[in-house]
Amino acid sequence: MNQNSDSSDQPTGQDPLLLLKTLQLLWTKKEMKKQLKEEIRRGFAGLEDPLAGLLDMLESSSDWKGKGHSLGYYITTELQLWIKEHPAVQQSGIKLEKLQARVLRILAQCPANLLDPLISIYQLHTADRNYLLGHVSHLYHKGDYKEAAILSIKLKLQPDQDVEKMCTPLLLQDKTNLVEDYVGEYPELQSKLLHILDTWCEPGFNIRDITSQYQGLSRYKPDKFNRKMLSKLVFRLLDRFNVDPALCPNVINQRHLRTLNYLFYKRFVEKTMTQENWTDHVQSTVGENRWLQGHLIQLLIHYCDLNTAARWAQRCNLPKEVLPYGVADELQKLQIQERVEDASKADNYEESKKKDYYQLPIPRANIHFLQTWEEMLQCWEKVLQPGQVVGIDMEWRPSFGMVGKPRVSLLQMALKDEVFLLDLPRLLEQAEVEGEKEKLPHFIQMLYSDAAITKLGYGMSGDLSSLAATWSALKDMNKQAQSVVDLLTVDKQLQKSSIDWKKGSQKVDVLSPEQRCEDREFKQPEKGLSLLVQHVLGKPLDKTEQLSNWEKRPLREEQILYAASDAYCLLEIYEKLCKDPASFGLSSDLTGSLVGKPSIKPRAKKQLNKQEVPSPSGQQCKGSKKEPSCPPAPISPKEFSVVCDNMLQGLGRYLRCLGVDVQMLENDDDHRRAAEIARQEGRVILTSGLPYQTLQSQVAEGRCFSVNCSEKAKEQALQVLKHFNVQVSLADIFSRCQVCNCDKYLKVSRERMRQLVEGSRQASGDGSSGCLVRCAEKPGQSCDTTVPACDAAQASYTPHSERLEGQDPHGASAALAEGMVLQVAAIPPGVLDKAELTDFYCCTRCGKVFWEGSHFGRVVSQFQDVLVNAGDKQSIYELS
């Protein structure tokens, strides 16, 4: 076709397939896109029926079925533009109706980028709705669930469809984003979806009862449907769609139950929450919910005693017939009275706090609790002074993971001689009554945007985010803030410093009320602002009021003193660091950097492969900051110890298999338990996703590593080994018990094991499932060996071990170290008859029995890329 010809030169009724061949030729010449566009428009002008012609071309070509901008996509979008210039082409409704069947056949196969132009060209939104629903139903019953949902969204058919029927197969295939889009514009469907998900969280629900209804599911992920994952999804959708949480009672009850468990942990295990705060939160969490009240009584029986459980049963007005027998009996004898001993303990504790914790250096009369705008004026005049330095902190009621961001309940502003506590709920209430809701946000904006006033905070970005949740007018405060000093940034610099603190090097004995009263030896390590105060000022903050219900009025005296201390201590830290930064290991130009430009900036996300992490031994790479950090020194698995978050248990098992010392959180453990274990035992935390942001701030630099949760456990293990430069040899594989993590084993000959098994069977009448044996060790000698897991040993690779010897062959039992029972009854009968098995290996901690098998070779094959030659007897290639 001549590119210079005019549309009038085109013969009437040109063949669409001839036009397609011409366009395909031009499409191969990428530099002729302008000519291609002109040829498409000229070609459509020459077709007798452009709408039918486009379908002819699409049906005759297959290139448009792929992703990206294909020739079919180019032709379709150009026709869409051309029709806007020639609307007469599309006027015949009868013509469009005849073409709809062909269009729908193409829609069933076309990529997402062709849906919108085709729907627009053929006006499918105005087509017969039942006809379109029938086509979507046809796709659905073919098993094309994703295509059926996408087409429903494009044609806005969702109100006429069953949301459970349409969304369930998508959820089973982990296509939650598509499900959210499906219900995104329809509040009624959002509520129905959330109700469905909540029913899946009912006790006893089995997802397999649903999956059997859907055939041919691709990428089906049943592990995504445990109650914990469903709960997270429900809360995310509640937050996104702003739906009343009461619609999901099962999920809400489970979340409240987790909150109860957390409160009991804080009060009775960590011992970092006062009785008053704990009581407030328990009452607000349980409310009038009988199901939660029942669980509360069970927790009280476990952690406290029957008398305490009876007191709470009385407070909740629980009928005696629903109480456990012991609690009901105690309730009859209960006499409510305050004990004199409790009061004396509280008095003693108040005296001890003055010695052990940071104390406000200003009189109590200089702490002002402001609830009216008239009282606020004195604060305004004093704070908004040029050259003023203000310590700012905020408090809000803990949400314990519930929906929505917390609203600020108390705003603290500390000056050199006094502290102002702003009761935001009361001030907001008064402003609304007076019709001046903007007054308080305006004051806060003036404060943060004034470059002549230095604002001190700790984690200021998070505080401002909570302020934005309280007032939408403050949503851009992060960008407007000037002369802000976030001492969290300085704290991170302090933690990196290798210089001993002048004050912080002295140990501070900090005990909670119960510990001091009961003379227990439990210590809770300091963290966050409290740790910074200890380093710089010599004593930590008393954080027992941190988890208070800050919305409850009136505030207790302890809360007021705590809130004032949190803000005022920032002034003292700032002053001391500015006077002598070098004594804290900081650069001499600290003063200039602190009072310079705004320090609040969005935190850039670090790429996983660029994390600067020191070796587990604590060695830090040195050199220019502009150059990539050097890799950590190589270490063996025996030198590497980790704690795996409860979502990474598969990773933990792989690392333990390779000889790494691994502790794993249980499914019900809180993520923060990993930080406690890491600090106490010197382990590296392995976690993933959101918990990383929380955990990495609670341990030293480089002691928390974020694993890619989208990868399989094996790939995660390789990632960890390479990142920390862990060198694995053949001798390391299965050097730890896969059940209990122990690295000490006992070697037992086959004949001796046969005697033990027979003796165990003869003694089976007493209900035992194992056999006690005595370890014939020499003094000072241990069974330090490298052995495999059950039926997973190194083929022909014999570890060093201690022999079990000197036993009575007819004895059914004797004592192993610390009386551990060997689990000999778990050995299948046929294993003892294998001639190639000469020895068995027994874990000295849990008593599990292991023997040589084929799993060793499989593990070697899986990890041969990271294995190193450590003088092992066999080549990994011979074993794989």
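Figure 1. The largest cavity has a volume of about 50 Å³. Its lining is made up of Trp-373, Leu-427, Gln-430, Ala-431, Glu-434, Lys-439 and Leu-440. Two elements, helix 21 (424–433) and helix 22 (439–449), each give two or more residues to this lining. Helix 21 contributes the most, with three residues. Sorted by class, the lining has four nonpolar residues, one polar residue and two charged residues.

**Figure 2. Helix 27 and the residue that follows it.** Helix 27 spans residues 528–537, and because seven of its ten residues are buried, the helix is largely enclosed by the rest of the structure. The buried residues of helix 27 are Leu-529, Ser-530, Leu-532, Val-533, Gln-534, His-535 and Val-536. Just after the helix comes Gly-538, which has a positive phi of about 100°.

**Figure 3. Thr-274 in a loop between two helices.** The loop that holds Thr-274 runs between helix 14 (249–270) and helix 15 (275–286). Is Thr-274 buried or exposed? Thr-274 counts as buried because its relative accessibility is 8%, and the cut-off for buried is under 20%. Leaving aside residues up to four places away in sequence, Thr-274 touches Arg-267, Thr-544 and Glu-545.

**Figure 4. Glu-836 in a loop between two strands.** Glu-836 is found in the loop between strand 14 (821–822) and strand 15 (839–843). The relative accessibility of Glu-836 is 56%, so this residue counts as exposed; the cut-off for exposed is over 50%. Where does Glu-852 stand relative to Glu-836? Glu-836 and Glu-852 are 16 residues apart along the chain, and their C-alpha atoms are separated by 8.9 Å.

**Figure 5. Two buried cysteines, Cys-316 and Cys-644.** Cys-316 has a relative accessibility of 13% and therefore counts as buried. Cys-644 also counts as buried, because its relative accessibility is 0%. A disulfide is a covalent bond between the sulfur atoms of two cysteines. How many disulfides does the structure hold? The number of disulfides in the structure is zero.

Figure 6. The mean pLDDT of the protein chain is 77, and 77% of its residues reach 70 or more. Over residues 1–12 the pLDDT is below 50, and this stretch has 16 contacts in the model beyond near neighbours in sequence. Residues 335–346 also have pLDDT below 50, and there the model shows five contacts beyond near neighbours in sequence. Where pLDDT is low, the predicted coordinates should not be read in detail.

**Figure 7. The chain around the close-up views.** The protein chain has 880 residues, and buried residues make up 48% of them. Its secondary structure comes to 36 helices and 16 strands. How many of the contacts between residues at least 6 apart in sequence join residues at least 24 apart? The share is 70%.

Technical notes. Residues are numbered from 1 along each chain as its sequence is written. This is a predicted model: local features need pLDDT of at least 70, side-chain atom pairs count only at pLDDT 80 or more; totals for chains, interfaces and linings use all residues. Side-chain values use heavy atoms; hydrogens and water are left out. On a 1 Å grid over the protein atoms alone, a cavity is a set of points where a 1.4 Å probe fits but cannot get out, and a pocket is an open set with protein on both sides within 12 Å along at least five of seven lines; lining residues have an atom within 4 Å of a point. Grid points are joined across faces, edges and corners, and a volume is the space filled by probe spheres set on the points. Helices (H or I, at least four residues) and strands (E, at least two) are DSSP runs, numbered from the N terminus. Ala, Val, Leu, Ile, Met, Phe, Trp, Tyr, Cys and Pro count as nonpolar, Asp, Glu, Lys and Arg as charged, and the others, Gly among them, as polar. Buried means under 20% relative accessible area, exposed over 50%, partly exposed in between (1.4 Å probe, protein chains only). Contact means heavy atoms within 4.5 Å. pLDDT is the predictor's confidence in each residue, from 0 to 100. A disulfide is a pair of cysteine sulfur atoms within 2.5 Å.
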